[in-house]
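Student: I have a structure here and would like to go through how its parts pack together. Where do we begin?

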Amino acid sequence: MAEALLAARALSCEAAGRALFRDLSVVAKPGDLVEIRGANGSGKSTLLRCLAGLAVPAQGQVERNAALHYLGHRSGVAGPLTPVENLRWLARLQGVRVSSETLEQAMDRVGLGAERHDFAATLSAGQQRRAALARLLIGDVPLWLLDEPLAALDDAGAALVRELIASHRAAGGAAICATHAPLQDDEGPSSAAQTVFLG
């Protein structure tokens with residue numbers, strides 16, 4: 001049996017003195033897709049932040065056995081930089097060496113080939129989301145934690161997200177995603193998909 005890339009056990013989190021969830025467990029193994037569902041304010045983003053190590057749960061523990069990409073519900077793209085410059089900066093921050101060709105290929109893959117040298121501040125919200133998604137294509141990172149990855153995207157952008165996740169899973173990666181819409185690609189892996197409901 002493959003070792004879990006991430007295992008969270010008996011997690012409990014609170015916000016403003018109110019319990020968001022209690023005694024929650026999440027396990028992600030190679031090939032897994034975990035969809036976290038729930039109403040606004042149910043704790044989806046808080047759970048992802050706990051899994052990423054960006055927040056501390058009130059109770060429970062998280063065991064991380066692999067490098068991870070965390071993509072929050074905000075794109076986190078620096079407006080004064082171009083999409084290529086944003087991606088190059090992130091790669092350097094992670095200590096990953098990437099060629100200009102790799103950066104250009106990532107831009108093409110997320111549909112920003114024509115806009116790769118425009119200032120990110122001039123891009124639409126959907127285009128900025130695509131620029132953020134390009135981070136997933138840099139480096140060999142087994143675990144993706146994605147908060148509302150379909151936010152601001154059109155139908156083609158949503159299809160792109162599903163394709164990226166399916167390819168990542170097929171290559172042995174896993175994704176844990178907070179989402180209001182299904183992320184399972186009908187043509188991708190059909191097993192090892194699970195849903196966690198909050199609230």
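**Helices and sheet**

Tutor: In this predicted model, Pro83, Val84, Leu87 and Arg88 of α2 meet Ser100, Leu103, Glu104, Ala106 and Met107 of α3.

Student: How many nonpolar, polar and charged residues does the contact of α2 with α3 have?

Tutor: The residues that meet include Leu87 in α2 and Glu104 in α3. Sorted by class, the contact has 2 charged residues, 1 polar and 6 nonpolar.

Student: Is the crossing of α2 and α3 left-handed or right-handed?

Tutor: The two axes cross at roughly 120 degrees. The handedness of the α2 and α3 crossing is right-handed.

Student: What is the order of the strands in the open sheet?

Tutor: The sheet has 5 strands with parallel pairing. Its edge strands, each pairing on one side only, are β5 (68-71) and β8 (193-197). The order is β5-β6-β7-β3-β8.

Student: Which residue in β7 stands opposite valine 34?

Tutor: Strand β3 (residues 33-37) runs parallel to β7 (residues 174-178), and 4 bridges join them. Opposite valine 34 stands isoleucine 176.

Student: Which helix packs on the sheet?

Tutor: This helix touches β3, β6 (143-147), β7 and β8. Its direction makes about 160 degrees with that of β6. The helix, residues 155-170, is α5.

Notes: Residues numbered from 1 in each chain as written. Predicted model: local features only at pLDDT ≥ 70, side-chain atom pairs only at ≥ 80, totals over all residues. Heavy atoms only, no water. Pairing = 2+ DSSP bridges. Helix = DSSP H or I, 4+ residues; strand = E, 2+ residues; numbered from the N terminus. Contact = heavy atoms within 4.5 Å. Axes fitted to C-alpha atoms, helices over the stretch in contact; angles between N-to-C directions. Left-handed = near helix turned anticlockwise from the far one by under 90°. Nonpolar A, V, L, I, M, F, W, Y, C, P; charged D, E, K, R; others polar.
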